[in-house]
Amino acid sequence: MKTPFACCVALRLFSLFALGIPQTFGTNQFLTSAGVSFEQFAADPAAWADSTALKGHWEAHGDTLTLADSAAVFGVAADEVTAKQRDGQVQSFRVVFRGKDKHGNATLANLLARVTANVRAFTGDAGTSAPGGGTVFKYKAVTITLRSGSGQEVVAEFARA
Amino acid sequence: MRGILLCGALAVLGSFSMALARVEDSPAPILDALTKSATWTSPEFLAAWSTPPAGQTRVCRRYRGAPTIFGVQPQAIQGWFENGRLTSITIVFLDAGEWFGYVPDAEARTVAQTKGPVFVALYKQVSADVTSGLERLAGNKGRDVTLGLGLLKRTARVFHHGDLASRLTLEQDQLVKVSIFPSEEIASQLLSPERRALKKDQVARAFAGESHTLPDGDRLIETVPVIPQGDRAYCGVSTLAMVMRYLGVGLDTEDYAGAAGIHFGSTVQSKIKETYDAAGATAEVHLPKTTKFDFAKAKMSLDGGLPVIVFRRWSQERDYLHSTFASNFATNPALELPKPDLNDQKLWPTKEGFAHASVVNGYNERRREVIFTESWGEQVRNRRMRIEELEGTSYLAYYPHF
């Protein structure tokens, strides 16, 4: 499935000063294989309750499943997507974004604000303060909690509401 | 006179069977549509085109089949429809942008060196095959016509076959394209018959009537056709083609790309501004520009029913916000875009971002929003952005007026 925002992990492959952008570029393997963006998928617990039937390609490491596909989540290239499972049921998803400047160096500059703006646009919810820090957004049958992780990371956690 | 016509008709009839028998394995109705206008209204033929978007009067639809024509499988076949009536067919046999795909600036030289010679050889073959195919179909070598102004000035060859006509466009090592029209007279002109029938003051009035104010305060031009650019670095020329088609200029994205010198899939050293100037002259419209989006100027154009083209900085992340907002806004008009305060401004694409062109086809002054459409497909029609954001991220804007 092709969409204008069907990817972004391969942004670095393209000149930053190109005069025009193609209609699609890069790869978003999850979107291609699942036919739905990761955030749309993760917002529907009925679609991911059974951990053996998850869309996309996942690798199991004990109770943690790691998404082997590349994915853009909320329009931002995710560096790591994992699922926690218990008794064959997914309990939550954790998406990690790591900030990089144009030279590829780690930086948190605006990353949290960038992800937050897009989560607001996606959920239509302004968000409230989360108990352990960060901001929690309600959307359909899930909550999405955004917080700064260790180092130059931003973490988004999807859990049943 | 009648004798000449009859001789011509016999010659044409004689050549049909030869030309068609030689190349067409598939009995696709598109082959009939090259010579018979009656095919253009047949239900079977009309069913072969992509579904038209709802509510649009002037649309570009893609032919679903993959026929071989003149021994060549076209890259794309597009039909232009006005109020459901097919008015012309464009067959793109070979376009460098499609063949090479999007080539980043840094890779342009290498790609040209490695793949360029292959394409040049292909161009030579395809242009020869299509030219000879049309000559067989018409029973003659056609006649040359000079079209366009400035960078768009080209010599094309017009053929008459059956009760239809075609225009062959060859752009050296770039494009092989055939457009089919109902008559030779239409094939020999760039401005549409409807546009040519109007005097200057009538034209301005006619376009002003295309701009409507909706109950929610949107001032909108809803009839700008969307021409998907595909996976080509063609946003600047596709948006131009969209606006020029709206203005009645019968050129395609590939024509503007060729004129601009978008070569072997790369926009390096392309002449976009000069191509825009040439398009304005060809469309007989003034096309002033500014180096930053000016809402007051845009409003004047839009109120006059003339869409504005804006070149702006673009990022994937910000695009997500605009797309998501547009999708949610369709079901919840109470939603608001982020306020363009200092915090939001930090998230706008900067000079380090990609360059992109969009068509601004409306605004809502009360909500301080521009309404814009991308050359990506109907799903990205009428998106919204704060006026301040477009002013802050644009670097070139064109405001047509008569």
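## Strand pairing in chain B

Strand β1 of chain B pairs with strand β2 (residues 76–82) of chain B in the antiparallel sense, over five bridges. Within this pairing, the bridge partner of B:R58 in β2(B) is B:E82. The model described here is a predicted one.

Strands of a sheet pair through backbone hydrogen bonds, in either a parallel or an antiparallel arrangement. In chain B, seven strands form an open sheet in the order β1-β2-β3-β7-β6-β5-β4, and the pairing is antiparallel. The edges are formed by β1 (58–62) and β4 (143–147) of chain B, each of which pairs on one side only. On average, neighbouring strands of the sheet are turned by 25 degrees against each other, direction ignored.

## Helix α10 of chain B

On the α10(B) side, the contact involves B:Y256, B:A259 and B:A260, which meet B:I272, B:T275, B:A278 and B:A279 of α11(B). Classified by residue type, the contact of α10(B) with α11(B) has six nonpolar residues, one polar residue and no charged residues.

Helix α4 (residues 111–123) of chain A and helix α13 (residues 316–329) of chain B have axes that come within 8 Å and cross at roughly 15 degrees. Because of this angle, α4(A) is roughly parallel to α13(B). The crossing of α4(A) past α13(B) is left-handed.

From α4(A), the residues A:R114, A:A117, A:N118, A:A121 and A:F122 meet B:E317, B:Y320, B:L321, B:T324 and B:F325 of α13(B). By class, the contact of α4(A) with α13(B) has six nonpolar, two polar and two charged residues.

## Overall dimensions of chain B

The secondary structure of chain B comprises 15 helices and 15 strands. Taken along the principal axes, the C-alpha atoms of chain B fill a box of roughly 75 × 50 × 35 Å. A compact globule with 402 residues would have a radius of gyration near 21 Å, so the 22 Å of chain B agrees with that expectation.

Technical notes: Residues numbered from 1 in each chain as written. Chains lettered and ligands numbered in written order. Predicted model: local features only at pLDDT ≥ 70, side-chain atom pairs only at ≥ 80, totals over all residues. Contact = placed C-beta atoms within 7 Å. Helix = DSSP H or I, 4+ residues; strand = E, 2+ residues; numbered from the N terminus. Nonpolar A, V, L, I, M, F, W, Y, C, P; charged D, E, K, R; others polar. Pairing = 2+ DSSP bridges. Axes fitted to C-alpha atoms, helices over the stretch in contact; angles between N-to-C directions. Rg over C-alpha atoms; globule rule 2.2 N^0.38 Å. Parallel < 35°, antiparallel > 145°, perpendicular 65-115°, else oblique. Left-handed = near helix turned anticlockwise from the far one by under 90°.
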